[in-house]
Amino acid sequence: MSEEQRLAAQLQDRAFGLFGRSLHIRTFDSGSCAVCESEIRLLSSPYYDLHRLGFFFTPAPRHADLLLVSGPAVRAAEPALRKTLEALPEPRIVVAVGACALGAVFTEDELVHGRVDAVIPVDVYVPGCPPSPLALLYGLLVAVGRLEEKVQALRFDLGEELTA
Amino acid sequence: MLWFLRGIRRGVVTSRYPARPDPSAAQLPTPPAFHADRLTVELAERLAAACPARSLRRDGRDLVLDLGGCTCCGRCSVVGGEAVAASGEFELATRDRGALVKRIPIGGGW
């Protein structure tokens, strides 16, 4: 890692650290089947209760710190997605949620971009179809730097240890 | 008074995650993990063909798993038998999309 990359990473960590105590989330459905939204909605249930972690949903993008995007970024939603992102004040975080948003379900064609990061820059990717509320909570905590990523160390080879 | 407090205590349903592991995590469908030494090229091809999300493919002597597309449907477990098991991992969020692509070496023969 070069000195510039290291400084950029430090700056990014600092920016994420700013969100450590309270964070407002705006969701955006860019053409998903609504199962991701169903799981996102469960985060507000008494069982997961994301408010205890300082996360709150807000309907107003101008009040939001984080944009939670699901769906494969259909082209019809592209202007709304860009406008929503521009309405979020800086610094802001974009989290792509679900297999569609990560570009693994739909291929690019005249109707759909096929992945969210083809339209807007994405900071954190949360895989799953749909990602469970626990996976979403983990993704949010990774996004604000309160938990470390662990997927790099996972090998998915049971012949050895699962982690490197 | 003690009964009241006990009722309050037993009534807490909120998950302690991430401070403590969540008991429901064990019930979650999770992506597959593989016994590399039991994988063969032929089995890798069959696994790739069985994956409805096209998240498995063979690349030379590696089986490539894209966690970003895996729907945890379990069809690879049916096809792969003892070579495949659920990983139990749901904490997969990352800032690097490429980190979700895993290469599992095919340890068996053809």
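Predicted model: local features only at pLDDT ≥ 70, side-chain atom pairs only at ≥ 80, totals over all residues.
Chain B contains 3 helices and 5 strands. Along the sequence these elements follow the pattern α-β-α-β-β-α-β-β. The radius of gyration of chain B is 19 Å, whereas a compact globule of 110 residues would have a value near 13 Å. Taken along the principal axes, the box filled by the C-alpha atoms of chain B is roughly 70 × 30 × 25 Å. Of the 110 residues in chain B, 35% are buried. Among the contacts in chain B with a separation of 6 or more, 73% are made by residues 24 or more positions apart.

Within chain B, an open sheet of 3 strands is found, with the order S2-S3-S5 and antiparallel pairing. Strand S2 (56-59) and strand S5 (101-105) of chain B each have a single partner strand and stand at the edges, so one side of each lacks a neighbour in the sheet. From one strand to the next, the twist averages 30°. The antiparallel pairing of S2(B) with strand S3 (residues 62-66) of chain B extends over 4 bridges. In this pairing, Leu56(B) has Leu65(B) of S3(B) as its bridge partner. Helix H2 (residues 41-50) of chain B lies across S2 and S3 of chain B and runs at about 145° to S2(B).

The interface between the two chains involves 36 residues of chain A in contact with 37 residues of chain B. On the side of chain A that touches chain B, the elements that give two or more residues are strand S5 (124-126) and helix H5 (133-143) of chain A. The most is given by H5(A), with 7 residues. By residue class, the side of chain A that touches chain B divides into 24 nonpolar, 5 polar and 7 charged residues.

Helix H5 of chain A is itself mostly covered, with 10 of its 11 residues buried. The buried residues of H5(A) are Pro133(A), Leu134(A), Ala135(A), Leu136(A), Leu137(A), Tyr138(A), Gly139(A), Leu140(A), Val142(A) and Ala143(A). Leu140(A), which has its place in this helix, illustrates the assignment. Leu140(A) counts as buried because 27 C-beta neighbours lie inside 10 Å, the cut-off being 20 or more. In space, the C-alpha atoms of Leu140(A) and Leu68(A) are 9.2 Å apart, although 72 residues separate the two in sequence. After the helix comes Gly145(A), whose phi is positive, near 80°.

The largest nonpolar core has 73 residues, and those with the most contacts inside it are Val69(A), Val95(A), Ala96(A) and Phe34(B). H5(A) gives the most to this core, with 8 residues. In soluble globular proteins, nonpolar side chains tend to be buried together. When residues up to four places away in sequence are not counted, Val69(A) touches Phe28(A), Ser30(A), Val94(A), Val95(A), Ala96(A), Val97(A), Ala101(A) and Val116(A).

Strand S4 (residues 93-97) of chain A is mostly covered, and 5 of its 5 residues are buried. In a regular strand the side chains alternate between the two faces of the sheet. In S4(A) both faces are covered, with Ile93(A), Val95(A) and Val97(A) buried on one side and Val94(A) and Ala96(A) buried on the other. S3(A) and S4(A) run parallel and are joined by 5 bridges. Leu66(A) has Ile93(A) of S4(A) as its bridge partner.

Asp65(A) is located in the loop between strand S2 (55-57) and strand S3 (66-70) of chain A. Asp65(A) is classed as buried because 22 other C-beta atoms lie within 10 Å. Its C-alpha atom is separated by 21 Å from that of Pro131(A), a residue 66 residues apart from Asp65(A) along the chain.

Methods. Residues numbered from 1 in each chain as written. Chains lettered and ligands numbered in written order. Rg over C-alpha atoms; globule rule 2.2 N^0.38 Å. Buried ≥ 20, exposed ≤ 12 C-beta atoms within 10 Å, placed from the backbone. Contact = placed C-beta atoms within 7 Å. Nonpolar A, V, L, I, M, F, W, Y, C, P; charged D, E, K, R; others polar. Pairing = 2+ DSSP bridges. Axes fitted to C-alpha atoms, helices over the stretch in contact; angles between N-to-C directions. Core = buried A, V, L, I, M, F, W, Y, C linked by C-beta atoms within 7 Å.
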